[in-house]
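Reader: I have a structure to read. Please take me through its features one by one.

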Amino acid sequence: RQQRAQLCAKARQDLVSRDLGVAVDQTVISLLSTPAQQAQWVASGLPRDQALLESCSLMLCARRWPLVADPQLHALSWIRSLDSSQQPVIVPQWQRTLFELLAVCMQQGRTVVILLEHGNLRPELMQL
């Protein structure tokens, strides 16, 4: 949490210094999403938690493939609700074909949910 807060503060200061109309006290959530979007996420099953709402805001604004660590599986139902026509690929992190599956899903623009064991991320995945 401390690292996230530091990164958010640094990004906010950068935006303020560029004179983009961003207030010093704005949060990641208020910068990247609207209250209506947040209410929709909560209605879709996401718990009303500051860190989760920040993560969702960041995930939806990412230009690449966001990696979501979700040890309690709170985000899984929310991710499923984003696009009912294309359900996420759910895979355990220790599956032998994980990296091949990730490559195919990235090429196809598919969402992948990697199931963690005891909340610990496989070391090779830290580089993603």
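Author: Start with confidence. This is a predicted model: local features need pLDDT of at least 70, and side-chain atom pairs count only at pLDDT 80 or more, while totals for chains, interfaces and linings use all residues. Residues are numbered from 1 along each chain as its sequence is written, and side-chain values use heavy atoms, with hydrogens and water left out.

Reader: What pLDDT does the protein chain average?

Author: pLDDT is the predictor's confidence in each residue, from 0 to 100. The protein chain averages 80. A score of at least 70 is reached by 91% of the residues. Among the elements, α3 has the highest mean pLDDT, 90. The lowest, 77, belongs to α1.

Reader: How many helices and strands are there in the protein chain?

Author: Elements are DSSP runs, numbered from the N terminus: helices are H or I with at least four residues, strands are E with at least two. The protein chain has six helices and two strands. Along the sequence the pattern reads α-α-α-α-α-β-α-β. The C-alpha atoms fill a box of roughly 50 × 30 × 30 Å, taken along the principal axes.

Reader: What share of the residues is buried?

Author: Buried means under 20% relative accessible area, exposed over 50%, and partly exposed in between, with a 1.4 Å probe and protein chains only. Of the 128 residues in the protein chain, 25% are buried. A contact means heavy atoms within 4.5 Å. Take the contacts with a separation of 6 or more: residues 24 or more positions apart account for 41% of them.

Reader: Now helix length. What span should helix α4 have?

Author: The expected span is 1.5 Å times one less than the number of residues. Helix α4 covers residues 50-61, twelve residues, so it should span 16 Å. Its end C-alpha atoms are 17 Å apart, which agrees. For α1, with 16 residues, the reach is 22 Å from first C-alpha to last, close to the 22 Å expected. Just after α1, Asp19 takes a positive phi of about 55°.

Reader: Which residues of α4 are buried?

Author: Here is the general idea. An α-helix has 3.6 residues a turn, so residues three or four places apart point the same way. In α4 the buried residues are Ala51, Leu52, Leu53, Glu54, Cys56, Ser57 and Met59. They pack against α1 (2-17), α2 (28-32), α3 and α5.

Reader: What caps the N-terminal end of α4?

Author: Asp49 does. One of its side-chain oxygens lies 3.0 Å from the backbone nitrogen of Leu52.

Reader: Where does Gln38 lie, and what is it in contact with?

Author: Gln38 lies in helix α3. Its relative accessibility is 13%, so it counts as buried. Leaving aside neighbours within four places in sequence, Gln38 is in contact with Ile29, Ser33 and Leu53.

Reader: Next, aromatic pairs. How many does the count come to?

Author: A pair of aromatic rings is described by the distance of the centres and the angle of the planes. Rings of Phe, Tyr and Trp (its six-membered ring) pair if their centres lie within 6.5 Å; planes under 30 degrees apart count as stacked, over 60 as edge-to-face and the rest as tilted. By this rule there is one aromatic pair. Trp41 and Trp78 form it, edge-to-face, at 5.8 Å centre to centre with 80° between the planes. The pair links distant parts of the chain: Trp41 sits in helix α3 (residues 35-43) and Trp78 in helix α5 (residues 74-82), 37 residues apart.

Reader: Finally, the segment after β2. Is Gln127 buried or exposed?

Author: Gln127, in the segment after β2, is exposed, with a relative accessible area of 73%. Leu116 is found in the segment after β2 (112-115) too. Leu116 is partly exposed, at 22%.

Methods. Polar contact = N/O pair within 3.5 Å; in protein donor to acceptor, adjacent residues only side chain to side chain.
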